[in-house]
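Q: I have a structure open that I have not seen before. Can you walk me through it?

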Amino acid sequence: MKTWKSMAVGGMAAALVLIGSGCAYMHVQRPLGTNFDNTQLGSKEGRSNAYSVLWLVAWGDAGTKAAASQGDIKVIRYADTEVKSVLLGIYSRVTTVVYGD
């Protein structure tokens with residue numbers, strides 16, 4: 001009986017470490033630029049996505065050109081990227097967000 005209790009406690013500790021470190025789920029947003037003093041976003045926003053499943057299959061175009069085309073943006077003023085990952089990357093999505101006019 002003691003073995004089962006220690007296994008349960010060990011399993012719960014491992015689960016907490018995985019969840020706490022971002023291995024189970026991660027959602028990160030960050031800017032693609034470094035000059036924040038004079039940032040102008042513009043009046044339009046465009047997004048493009050790339051997906052990956054099981055580290056084997058990937059599809060999509062998360063480039064700035066695809067995001068600008070989706071938002072009908074002619075002049076890109078600023079760009080961000082967003083990454084979502086589930087279970088160490090079994091499923092992941094990368095999104096590029098561009099702002100401009």
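**Walking through the model**

A: A place to begin is L87, which is partly exposed, with a relative accessible area of 48%; buried would mean under 20%, exposed over 50%, and partly exposed is in between (1.4 Å probe, protein chains only). This is a predicted model, in which local features need pLDDT of at least 70, side-chain atom pairs count only at pLDDT 80 or more, and totals for chains, interfaces and linings use all residues. Residues are numbered from 1 along each chain as its sequence is written, and side-chain values use heavy atoms, with hydrogens and water left out.

Q: Where does L87 lie?

A: L87 is in the loop between strand 4 (76-86) and strand 5 (91-100). Helices (H or I, at least four residues) and strands (E, at least two) are DSSP runs, numbered from the N terminus.

Q: Which residues form the nonpolar patch on the surface?

A: L54, W55, L56, V57, W59, L87, L88, I90 and Y91 form it, and together they have about 960 Å² of accessible area. Patch residues have over 30% relative accessible area and no salt bridge; like charges are joined within 9 Å, and nonpolar side chains (Val, Leu, Ile, Met, Phe, Trp, Tyr) within 5 Å. Accessible areas come from the Shrake-Rupley method with a 1.4 Å probe, and for residues only the protein chains shown count as cover.

Q: Switching to charges: how many salt bridges does a search of the whole structure find?

A: The search finds six. A salt bridge here is a side-chain nitrogen of Lys or Arg within 4 Å of a carboxyl oxygen of Asp or Glu.

Q: Why can such side chains pair?

A: Side chains of opposite charge can pair when their charged atoms come close.

Q: Which residues are linked in a network of salt bridges?

A: E45, R47, E82 and R93 are linked that way. R47 is partly exposed at 39% relative accessible area, and E45 is partly exposed at 40%.

Q: What does E45 touch?

A: Not counting residues up to four places away in sequence, E45 touches Q70, G71, I73, V97, V98 and Y99; contact means heavy atoms within 4.5 Å. E45 itself is found in strand 2 (residues 44-53). Its C-alpha atom is separated by 7.8 Å from that of A68, 23 residues apart along the chain.

Q: And what about D101 and R77?

A: Their side chains meet in a salt bridge of 3.0 Å, N to O. D101 lies in the segment after strand 5 and R77 in strand 4, so the pair ties together parts that are 24 residues apart in sequence. D101 is partly exposed at 32% relative accessibility, and R77 is partly exposed at 41%.

Q: D72 and K74: buried or exposed?

A: D72 is partly exposed, at 43%, whereas K74 is exposed, at 68%. Their side chains meet in a salt bridge of 3.2 Å, N to O.

Q: Stepping back, what is the pattern along the sequence?

A: The protein chain reads α-β-β-β-α-β-β, with two helices and five strands. Its radius of gyration is 19 Å, well over the 13 Å that the globule rule gives for 101 residues, so the chain is more spread out than a compact globule. The radius is taken over C-alpha atoms, and the rule is 2.2 Å times the number of residues to the power 0.38.

Q: How much of the chain is buried?

A: Buried residues make up 21% of the 101 residues.
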